[in-house]
Amino acid sequence: MKRIFFTFIAALMAFVGVSAQVNFQEVEFTADQPASIELQRDINYFTFTAPETGTVEFHVGWSSTLVYQTDEAGTEDTKVMLAKDTDADGNLFRLNVEGGTRYYISTSIVVDPVTMTIGYSSDVDAIKLSANYSDGDVFYMTGSNLEVTIDRQAVIARTLVAVNGGEYEDVPTSCINAVFVTQYYYTINLRDLADYLMDAGRIAVGDMFTIRLEGIADANNPEMIYGEDGTFSVTLELGEMPATLTGITPADGSTIYTYYPEDGDEGFIVFSFSEPLNEDPTGVSVMMSWGDAEAGSYEAHYPDFTIEGNTVTVDIRGIRIPEEVEGGRGSSGTAATKVSFTLSGLTTTDGRAVQTNYPTAGTSAVLAFYTVQKEEISFIYDFIPQSGSTSLEGYDEIIIWLNNPISYDGVTITWQDARGNERSRTYTPEQVPFEWDDYEEGYLGHVSLAGISYNRSPVTVTVDNAALMNGDPVTITGQFNTGGTVSVDNAVVDGNPNAVVKVYGIDGTFVKEGPAATVLDGLRKGVYITGGKKVVVK
């Protein structure tokens, strides 16, 4: 848990741009005369040479400021939080020092200025120990680990557990993080321990269980033990079981597309849980993010969501995700985008918490991660009347038909007036929206011809800067009053006759592909789509 916290602080300091150059403030004090330091906002660095061997205390009052030991460069990876304790005046941190040795100290980010007092402890012999739980506390499976803080390097001979006053047994080593003993912390993963006891049928909700540490002694002086007999114990109650995540659709770790249309049927992430949830969204947060802050590619979105029964449905329609993003420190160039979802604040209908699905991540939130890919879209379009019509006489509008939605800047119509001058008019997306039509089974845009005097001259309609929802640009243009329909011959003359093209039916079904000059050979009579245009096989 502490290591995760250190990583988070390091990432945060990288984000806010901490300079590689650290200036340490020199502090002087004696065994009889402590020193006071005014801690300023941000991270504070200071150094001192210990006047004598003993235990130095850093008193920060009731502020949330943390104190670390570091190296002469203030390197983030070397920082270790000092043993923390509390007295009548607030929080204090302790460091065992040797006379004549120089030490380098830093703080966490200070939000409000605070005065810190540095001086020698008046009680340097007795081992001081504290824990984040007290006898009678209720442990829920979403709660924190048991963290024992010791004011010096220590050894612990055994870690035991007993249920309802029964016999003690050794806690499995997999439930213990003993690495931190040399850094003043001893952590027991209560969630794993409770799972171990429940799997064996040894404990149930409402039962009491006691954790006992034996043989607690100073690592450098084994004869100095904690308290009277070197033991520490705490008794907890196992609280009601939290709800758990039972599944995610699409599955966690799978792939999602870069974009889902706002009016489409896809683009929902559904989280299912073991218990009915409190459907009040107050206090619930759903965040979707990707990229790296340091590289400038980080983005966070808070999509709409609904809570119903045992499920949370997250609506990511309309959110465009880049296919690739700039990587962070140590990476080169761009990399495939990884999207993460964080659901926090969920509770059950009876007020219980929801257990995280990533217990080692140092968060109580429910998480999900996806890779991103661009969806391949087969796109066709058409005009009513058909592009190439000999006359627009009798039409008061031109209709553009699309088989897929697009993004675009507008629709421009160009013509020549009676004097031969070229004229144009551009309609905004609000004036010419593309809306789904059930009868035509496509998206229709209506381009008005009102006030346009084209006098039988060619008329061109173009959708400006059109792009599919996967980001691919597309060309949508049609000409009218040009003297004839698009035929097999002029469909291939305009391009390279040897270029390989694909042919689709009018419903968008793939038919065949081949060289442009011969691809239509052998097809039945009818209307086909190739190169985004209608062609007629006679």
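Start with Q25: in strand 3, its bridge partner is F46. One thing to keep in mind as you click around: this is a predicted model.

**Stop 1: the sheet**

Stay with those two and show strand 1 and strand 3 (residues 45-49), which run parallel to each other and pair over 2 bridges. Now bring in the rest of the sheet. It is an open one of 5 strands, in the order 1-3-9-5-6, and the pairing is mixed. At the edges you'll find strand 1 (25-26) and strand 6 (80-81), each with a pairing on one side only. If you want a reminder of what to draw here, strands of a sheet pair through backbone hydrogen bonds, either parallel or antiparallel.

**Stop 2: rings**

F46 turns up again in the next selection: pick F29, F46, F48, F58, Y103 and Y120, and you have one aromatic cluster. Across the whole structure there are 15 aromatic pairs.

For a closer look at a pair, select F383 and F480. Their ring centres are 5.6 Å apart and the planes make 80 degrees, so this is an edge-to-face pair. Colour by strand and you'll see that it links distant parts of the chain: F383 belongs to strand 34 (residues 381-384) and F480 to strand 43 (residues 477-480), 97 residues apart.

Next, jump to Y408 and F434. Here the centres lie 5.1 Å apart with the planes at 85 degrees, so this pair is edge-to-face as well. Both partners sit in loops: Y408 between strand 36 (406-407) and strand 37 (410-416), F434 between strand 38 (422-427) and strand 39 (435-437), with 26 residues separating them. Both Y408 and F434 are buried.

**Stop 3: arginines**

Which arginine lies over the face of Y259? Select R320, and check the distance to the ring centre: 4.4 Å. Then try R212 with Y168, where the charged end of the arginine sits over the ring, 5.9 Å from its centre.

R94 deserves a selection of its own. You'll find it in strand 8 (residues 90-97), and with 6% relative accessibility it counts as buried, the cut-off being under 20%. What does its side chain touch through a polar contact? The side chain of E57, at 3.0 Å.

**Stop 4: helix 2**

Last, go to helix 2 (residues 190-199) and highlight its buried residues L190, R191, L193, A194 and L197. Look down the axis: they span an arc of only 165 degrees, so they lie on the same side of helix 2. In an α-helix there are 3.6 residues a turn, so residues three or four places apart point the same way.

What do the buried residues of helix 2 pack against? Show strand 12 (138-139), strand 13 (146-150), strand 15 (158-163), strand 18 (185-188), strand 19 (208-214) and strand 22 (232-238).

Finish with the two ends. At the start of helix 2, a side-chain oxygen of N189 comes to within 3.2 Å of the backbone nitrogen of R191. After the helix comes G201, which has a positive phi near 70 degrees.

Key. Residues are numbered from 1 along each chain as its sequence is written. Side-chain values use heavy atoms; hydrogens and water are left out. Two strands pair if DSSP finds at least two bridges between them. Helices (H or I, at least four residues) and strands (E, at least two) are DSSP runs, numbered from the N terminus. Rings of Phe, Tyr and Trp (its six-membered ring) pair if their centres lie within 6.5 Å; planes under 30 degrees apart count as stacked, over 60 as edge-to-face and the rest as tilted. Buried means under 20% relative accessible area, exposed over 50%, partly exposed in between (1.4 Å probe, protein chains only). A charge sits over a ring if NZ of Lys or CZ of Arg is within 6 Å of the ring centre and within 35 degrees of the ring normal. A polar contact is a pair of N or O atoms within 3.5 Å; within protein, one must be able to donate a hydrogen and the other to accept it, and residues adjacent in sequence count only if both atoms are side-chain atoms. The arc is that of the directions from the helix axis to the C-beta atoms. Contact means heavy atoms within 4.5 Å.
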